[in-house]
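Please keep the sequence and the structure in view while reading.

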Amino acid sequence: MPHVEILQLLVSPVHRLAGRPGDGLPELPPGELVTAAEVRAGLGIVGDRYFNRPAHRNASITLMAAERLPQPGPYPADLLRTRRNVLLRGVDIDAYIGRTVFLDCGTGPVDLEVRSAARPCAWMDTTLGPGAQRALRGGGGVRCRPLTDGVLSVGPAVFGVREAGDGTPGA
């Protein structure tokens, strides 16, 4: 099974990218980047703005591949600016829409149903730099529904795909 790296985790209690991108970049508090995040099946990441929100239960966790981030830009490309929850290196997560994947940071696998693309919005041009929204089309990350409880942590992890129906690791 492939080994990947979780580069960053973001747990944000509030939704800050509201209003118009042309109004400028809102304050981005650094305390939202964490070293570990608790995942609850069907609910999301404990403490995150989408945790246990009915409208977001099928898309409460967002993952993004670091390799897809536009570089270099006027600002550092990280989760504070993309508003995704998990930044991965070593897997093209956008290729797994419709599949069930898992990440295991050493404490047991966290199963995630990859439901849809996390489409980049106009805010990306403000938070990352001009042209970022277009650059991230088809690679802006994915929205997932957590299927199991567990903990994700920054550092090395095992990534895998679950075979349909049996819950065992697949290719």
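## The nonpolar core

The largest nonpolar core has 26 residues, and those with the most contacts inside it are Ile6, Leu63, Leu88, Leu103 and Leu152. Two or more residues of this core come from each of β1 (3-10), β3 (36-40), β5, β6, β7, β8 (109-117), β9 (142-146) and β11. In soluble globular proteins, nonpolar side chains tend to be buried together.

Leu152 illustrates how such a residue is surrounded. Apart from neighbours within four places in sequence, Leu152 is in contact with Ile6, Leu9, Thr35, Ala36, Ala37, Val39, Val86, Leu103, Cys105 and Val110.

## Overall composition and confidence

The model is predicted. Its secondary structure comprises three helices and 12 strands. Of the 171 residues in the protein, 44% are buried. The accessible surface comes to about 8100 Å², and carbon and sulfur atoms account for 52% of that area. Among contacts between residues at least 6 apart in sequence, 72% join residues at least 24 apart.

The average pLDDT of the protein is 80, and 64% of the residues score at least 70. Among the elements, β10 has the highest mean pLDDT (98), while strand β12 (residues 169-170) has the lowest (48). Where pLDDT is low, the predicted coordinates should not be read in detail.

## Strand β3 and its partners

Strands β3 and β10 run antiparallel and are joined by four bridges. Within β10, Gly150 stands opposite Val39.

Strand β4 also runs antiparallel to β3, with two bridges between them. Arg40 has Gly44 in β4 as its bridge partner. Together β3 and β4 form a hairpin with three residues between them, and Gly42 in the turn has a positive phi of about 75°.

## Two loop residues

Ser60 is located in the loop between β4 (44-45) and β5 (61-65). Leaving aside neighbours within four places in sequence, Ser60 is in contact with Leu43, Gly44, Asp48, Tyr50, Asn85, Cys144 and Pro146.

Leu147 belongs to the loop between β9 and β10 (150-153). With a relative accessible area of 33%, Leu147 is partly exposed. When residues up to four places away in sequence are not counted, Leu147 touches Ala41, Thr100, Asp111 and Glu113. Leu147 and Gly44 are 103 residues apart along the chain, and their C-alpha atoms are separated by 9.3 Å.

## The aromatic pair

A pair of aromatic rings is described by the distance of the centres and the angle of the planes. The count for this protein comes to one aromatic pair. The ring centres of Tyr96 and Phe159 are 5.1 Å apart and the planes stand at 70°, so the pair is edge-to-face; planes over 60 degrees apart count as such.

Phe159, at 3% relative accessibility, counts as buried.

Methods:
Residues are numbered from 1 along each chain as its sequence is written. Side-chain values use heavy atoms; hydrogens and water are left out. Contact means heavy atoms within 4.5 Å. Rings of Phe, Tyr and Trp (its six-membered ring) pair if their centres lie within 6.5 Å; planes under 30 degrees apart count as stacked, over 60 as edge-to-face and the rest as tilted. Buried means under 20% relative accessible area, exposed over 50%, partly exposed in between (1.4 Å probe, protein chains only). A nonpolar core is a set of buried Ala, Val, Leu, Ile, Met, Phe, Trp, Tyr and Cys residues joined through side-chain atoms within 4.5 Å. pLDDT is the predictor's confidence in each residue, from 0 to 100. Two strands pair if DSSP finds at least two bridges between them. Accessible areas come from the Shrake-Rupley method with a 1.4 Å probe; for residues, only the protein chains shown count as cover.
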